[in-house]
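Subject: Structure handover

Hello,

Please find the structure below, followed by notes on what was found in it.

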Amino acid sequence: MSPAIAAYVFAVLTGAAILFQLALAAGMPWGKLAWGGKFPGQLPAYMRAASVASALLLLGFGMVVSARAGIALAHWQPVSRLLVWVVVAYCALGVIANSLTPSAWERAIWLPTTILLLACSIVVAAAVFGVVFYAVYSAPTFFAELLIDGGVGTWLYKRADVAHRPDWL
């Protein structure tokens with residue numbers, strides 16, 4: 001998956017999570033689907049404020065990933081190099097939290113979502129290291145080719161018996 005596609009997927013999933021958090025803050029009775037399922041129905045006022053804060057945090061994360069992938073906010077590129085790893089860490093913690101939640105509904109909806117967010121953020125964050133990953137991926141083939149070429153070259157050199165003739169070139 002390319003970093004741009006990963007960033008678009010991240011943006012769509014983050015947008016859905018932002019809309020969900022804002023709906024919770026507006027009073028939708030979906031409390032069993034968030035915050036560990038501790039508040040079935042409408043959230044209390046302080047948890048509605050937490051949902052707004054969560055929506056703002058997710059918006060910031062979406063902006064960082066988009067900037068890092070180069071699909072938006074080009075002037076954020078320098079700072080996004082570091083901040084994208086904060087997003088990756090947050091998504092990893094989200095996977096852990098959503099896998100341990102007592103709410104089956106939250107686990108069913110948000111665990112796959114956070115796993116996808118984590119995967120997409122890693123793809124975008126690691127895009128800089130793409131050349132390195134390709135080099136590691138292709139290293140066995142490259143070294144096998146070097147070994148075969150070296151063996152064939154050595155065999156040809158010995159068969160040509162040029163070691164005793166100084167003017168063989």
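Leu 73 counts as partly exposed because its relative accessibility is 28%; buried means under 20% relative accessible area, exposed over 50%, and partly exposed in between, with a 1.4 Å probe and protein chains only. This is a predicted model, in which local features need pLDDT of at least 70 and side-chain atom pairs count only at pLDDT 80 or more, while totals for chains, interfaces and linings use all residues. Residues are numbered from 1 along each chain as its sequence is written, and side-chain values use heavy atoms, with hydrogens and water left out.

Leu 73 sits in the loop between H2 and H3. Leaving aside residues up to four places away in sequence, Leu 73 touches Met 63 and Ala 67; contact means heavy atoms within 4.5 Å. Met 63 is 10 residues from Leu 73 along the chain, and their C-alpha atoms are separated by 7.4 Å.

Ser 66 belongs to helix H2. Ser 66 counts as buried because its relative accessibility is 11%. With residues up to four places away in sequence again not counted, Ser 66 touches Ile 71 and Ala 72.

**The protein overall**

Helices (H or I, at least four residues) and strands (E, at least two) are DSSP runs, numbered from the N terminus. Of the 169 residues in the protein, 32% are buried. Among contacts between residues at least 6 apart in sequence, 54% join residues at least 24 apart. The accessible surface is about 10500 Å², and 75% of this belongs to carbon and sulfur atoms; the areas come from the Shrake-Rupley method with a 1.4 Å probe, and for residues only the protein chains shown count as cover.

H3 has 24 residues and spans 34 Å from its first C-alpha to its last, close to the 34 Å expected at 1.5 Å a residue. The expected span is 1.5 Å times one less than the number of residues in the helix. A kink of about 35 degrees is centred on Leu 83 in H3; the bend at a residue is the angle between axes fitted to the seven residues ending there and the seven starting there. Buried residues of H3 include Val 84, Val 87, Val 88 and Cys 91. Their cover includes H1, H2 and H4.

H4 (residues 104-125) has 22 residues and reaches 31 Å between its end C-alpha atoms, close to the 32 Å expected. H4 has a kink of about 35 degrees at Trp 110, shortly before the proline Pro 112. Among the buried residues of H4 are Trp 110, Leu 117, Cys 120 and Val 124. Helices H1 (3-26), H2 (45-69) and H3 (77-100) are among what covers the buried residues of H4.

**The largest pocket**

The largest pocket holds about 540 Å³ of space. It is lined by 26 residues, of which Gln 21, Ser 54, Tyr 90, Asn 98 and Thr 114 are the closest to its centre. H1, H2, H3 and H4 each give two or more residues to the lining, and H3 gives the most, with seven.A pocket is an open set of points on a 1 Å grid over the protein atoms alone, where a 1.4 Å probe fits and protein lies on both sides within 12 Å along at least five of seven lines; lining residues have an atom within 4 Å of a point. Grid points are joined across faces, edges and corners, and a volume is the space filled by probe spheres set on the points.

Regards
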